[in-house]
Amino acid sequence: MTIIKLSEDNRISLPLEVTEALGLKPGDAVELTASENGFLLARHTPASPAPLRESVSRKNLETPMQFIKGVGPKLAENLAKKGVSVVEDALFLLPHRYEDRRTLAKIGRLRPGANEVFFAEVIAADAASTRGGKRFFEVTVGDGSGTVTLKWFHFNPAFMKKIWKPGRKGIFTGEVVQYGFQREVHHPEVEWLPEGEDLAAVMAGDPLSFGRILPVYPLTEGLSQKTLRKVMKEAVDRFVADVENHLPLEVIGRHDLMPLDKALQAAHFPANDADLQTLNNGATAAHRTLAFDEFFFLELGLALKKNGIALEEGIDFQVTHKYTKELLKLLPFSLTNAQRRVLSEIKNDMMAPHPMHRLVQGDVGCGKTLVALMAALVAVENDYQVAIMAPTEILAEQHFLNIHHWCDALGVKVALLTSSLKGKAKKAALEEIATGNAQVVIGTHAVIQDKVEFRRLGLGIIDEQHRFGVLQRGILKKKGQNPDILVMTATPIPRTLAMTVFGDLSLSVIDELPPGRTPVETRIAFESRRSQVYGVIREEVKKGRQAYVIYPLVEESEKSDLKAAAQMAEQLQSDVFPDLRVGLLHGRMRPDEKEAVMAAFKARETDILVATTVIEVGIDVPNATVMVIEHAERFGLSQLHQLRGRVGRGSDKSRCILLTTGRLSEDGEKRLRVMESTSDGFRIAEADLEIRGPGDFLGTRQAGLPDFRVANILRDGRILEEARMEAFSFVEKDRGLVAPENAGLRRELARRWGGRLELAGIA
């Protein structure tokens with residue numbers, strides 16, 4: 001417990017640890033208050049103007065790396081390639097793991113499954129082969145307490161023999177594995193001892209590499225860990241004090257966070273009594289502080305954005321039911337309760353006098369497109385135009401084919417605008433949009449190009465939002481006077497990801513499938529069972545059902561062994577199912593050709609539809625009960641889930657067969673096993689996120705995902721929730737961060753996220 005004493009002249013004497021924690025300097029003012037939960041809150045007013053001190057610190061943090069001791073032009077170039085150009089980049093490049101070099105392990109005590117560091121001498125070294133003829137390089141090293149085998153499976157024989165000479169001594173690091181009675185380390189790291197020097201002298205002469213918990217950094221290209229550690233030590237020692245705390249003091253107190261500079265110091269060079277496992281899990285107080293700080297500023301930006309939308313003047317649509325009621329009469333089915341609930345949320349937003357910004361999330365086949373169409377018709381009823389933006393031409397065409405049938409029947413004009421539209425056709429489409437004759441415009445990125453002008457855009461609908469960044473959403477919004485924005489995704493998005501990418505949107509979930517759907521039985525089948533798989537298709541067709549066969553490519557490519565749809569459709573028709581009707585559908589067909597093929601399949605004029613991933617969305621054929629996916633290991637999890645959603649749409653038992661050659665990577669096998677074990681879209685999304693990581697999960701590396709330097713949304717989900725709650729609560733109290741005491745917060749937010757979140761107005 002800290003005791004604070006009051007002196008005779010009523011001055012408070014603060015202990016050293018408190019002044020350090022608050023970053024106090026002589027002349028600073030501190031206001032102390034006790035909070036309800038027992039924390040002592042301190043408001044710190046610096047003696048000198050904060051912006052002046054901030055500008056000096058900021059200048060120091062922007063020092064180019066080439067001016068750091070030990071960094072020459074070549075090293076600076078290598079660091080810059082990896083995104084480390086200035087001191088601040090280096091300070092926030094945390095170790096990706098830690099190594100225990102407080103003591104070196106004895107070989108006799110090496111633990112299988114553990115990452116060990118040990119000193120040894122080379123006893124023997126040579127290339128060898130497995131029984132199957134696979135070459136590897138094997139080295140035996142020992143230290144008197146025992147021996148261990150080192151192995152390399154990718155190596156240059158001449159180079160290895162030159163390096164691994166008997167009698168040479170070094171310090172080895174790697175994971176120990178046990179095979180029978182033999183312990184092995186594969187592809188270990190090594191630091192050789194200079195010839196003639198003994199271990200004790202080397203360890204004493206390099207306190208940065210021995211007798212401590214060692215940081216291991218992710219950058220190794222063109223430089224060794226040893227060199228990089230020296231550079232990082234120099235950067236931390238000289239500049240970490242320039243890292244300012246910008247989090248509100250009450251937030252720091254509530255969450256027991258460290259000062260940012262102390263957190264960085266501890267994350268780079270932890271104390272020797274730190275717990276190695278906690279460090280490697282990124283779960284120390286230092287890691288928690290740095291993650292919280294990063295999440296807080298992102299969520300603060302999202303909170304301001306959401307709040308700004310609520311304050312903007314929008315369109316207060318009237319729901320007249322002119323078209324929506326008529327559409328419901330045309331539908332051969334009723335809406336589900338979930339669709340009705342989400343429609344009600346959308347309509348309430350649209351009737352409000354500020355712009356709607358809502359994300360509709362729902363699994364494959366839940367009826368999102370129909371919900372989007374109903375929302376579009378509300379806008380059209382009010383004499384406004386609607387833009388529906390999809391990430392690919394195929395998806396845009398699918399929406400066009402699905403929507404224009406209903407709209408034609410209602411007398412609503414729909415236009416398709418994609419980048420492949422050229423000449424007179426494009427000119428005509430642009431004119432229809434500009435005059436307002438095209439009431440619903442469906443397209444790709446082409447919709448937000450400069451030449452596209454809407455007469456009166458009232459609603460923007462973005463499908464598969466995870467393929468678009470925040471900025472594209474902003475550009476679409478500028479095509480009208482604060483139009484409503486509705487975002488849809490069929491890819492279930494894990495909660496933590498939704499909070500970072502869509503944190504400024506209100507969320508609706510269609511969590512119910514239309515009645516009559518049956519669970520799809522999913523099985524992995526290897527190439528050797530192809531004839532049995534064909535037997536399943538024949539059996540289903542015999543019962544009057546239909547089948548899909550999905551291929552990754554349209555035509556055979558010299559560079560790929562993937563079976564291609566066009567050739568395989570021909571082969572299936574002539575060799576395998578000569579008595580059945582085989583159709584072909586792929587992305588290179590014209591929209592009218594695709595429509596004809598799909599209509600024939602729906603009308604049961606085709607038994608087997610061979611297709612590429614063009615059928616990922618939009619086809620609803622309840623009579624199709626089997627899907628065979630060729631080279632299933634080449635597809636992503638979310639794509640497999642979308643494809644599988646095309647079957648199981650009727651009341652008959654449906655099957656999805658994942659056909660694979662059997663040459664599976666570890667991730668490939670994980671994906672197929674997940675598909676086999678569950679049909680829950682959210683479980684599949686979680687697994688996909690774990691396998692691929694956030695950036696790849698979202699389809700492209702940019703995809704609107706924030707760049708986190710320290711935080712990890714898979715690991716730090718709970719911290720993210722806490723930071724979000726604090727940030728939104730903070731903006732609730734100070735709606736535009738306009739209070740004078742929040743000026744530093746505003747500047748820091750503008751610096752970190754102003755451009756990425758379109759927060760130009762807050763600086």
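**Salt bridges, helix packing and confidence**

Lys329 is exposed, with a relative accessible area of 60%, where exposed means over 50%, buried under 20%, and partly exposed in between (1.4 Å probe, protein chains only). The structure is a predicted model, in which local features need pLDDT of at least 70 and side-chain atom pairs count only at pLDDT 80 or more, whereas totals for chains, interfaces and linings use all residues. Residues are numbered from 1 along each chain as its sequence is written, and side-chain values use heavy atoms, with hydrogens and water left out.

The side chain of Lys329 forms a salt bridge with that of Glu326, with an N to O distance of 3.3 Å; a salt bridge is a side-chain nitrogen of Lys or Arg within 4 Å of a carboxyl oxygen of Asp or Glu. Lys329 and Glu326 are three residues apart in helix H12 (residues 324–330), and are therefore separated by about one helical turn. Helices (H or I, at least four residues) and strands (E, at least two) are DSSP runs, numbered from the N terminus. Glu326 has a relative accessibility of 34% and counts as partly exposed.

By this rule, the model has 49 salt bridges. One of them pairs Arg58 with Glu88, whose closest N and O atoms are 3.3 Å apart. Arg58 belongs to helix H2 (residues 50–61) and Glu88 to helix H4 (residues 87–91), so this pair ties together parts that are 30 residues apart in sequence. Arg58 and Glu88 are both buried. A further salt bridge joins the side chains of Lys151 and Glu138 at 3.9 Å, N to O. This pair links distant parts of the chain, 13 residues apart, with Lys151 in strand E8 (residues 147–152) and Glu138 in strand E7 (residues 135–142). Lys151 is buried at a relative accessible area of 12%, while Glu138, at 28%, is partly exposed.

Two helix pairs were examined for packing. Helix H11 (residues 285–311) and helix H27 (residues 743–753) pack with their axes 10 Å apart and at an angle of about 95°. Axes are lines fitted to C-alpha atoms, for helices over the stretch in contact, and angles run from 0 to 180 degrees between N-to-C directions. H11 and H27 are therefore roughly perpendicular to each other; angles under 35 degrees count as roughly parallel, over 145 as roughly antiparallel, 65 to 115 as roughly perpendicular and the rest as oblique. Residues of H11 including Asp293, Phe296, Phe297 and Gly301 meet residues of H27, among them Leu745, Glu748, Arg752 and Trp753, where contact means heavy atoms within 4.5 Å. The contact of H11 with H27 comprises eight nonpolar, one polar and four charged residues. Ala, Val, Leu, Ile, Met, Phe, Trp, Tyr, Cys and Pro count as nonpolar, Asp, Glu, Lys and Arg as charged, and the others, Gly among them, as polar.

Helix H23 (residues 666–677) packs with helix H24 (residues 681–692) at an angle of about 175°, the axes being 10 Å apart. H23 and H24 are therefore roughly antiparallel. Asp667, Lys670, Arg671, Val674 and Met675 of H23 meet Ile684, Ala687 and Ile691 of H24. Five nonpolar, no polar and three charged residues make up this contact.

The protein averages a pLDDT of 85, and 87% of the residues score at least 70; pLDDT is the predictor's confidence in each residue, from 0 to 100. Confidence is highest in helix H9 (residues 260–268), at 96, and lowest in strand E1 (residues 5–6), at a mean of 48. Over residues 5–9 pLDDT stays under 50, and the model has five contacts beyond four places in sequence for them. Where pLDDT is low, the predicted coordinates should not be read in detail.
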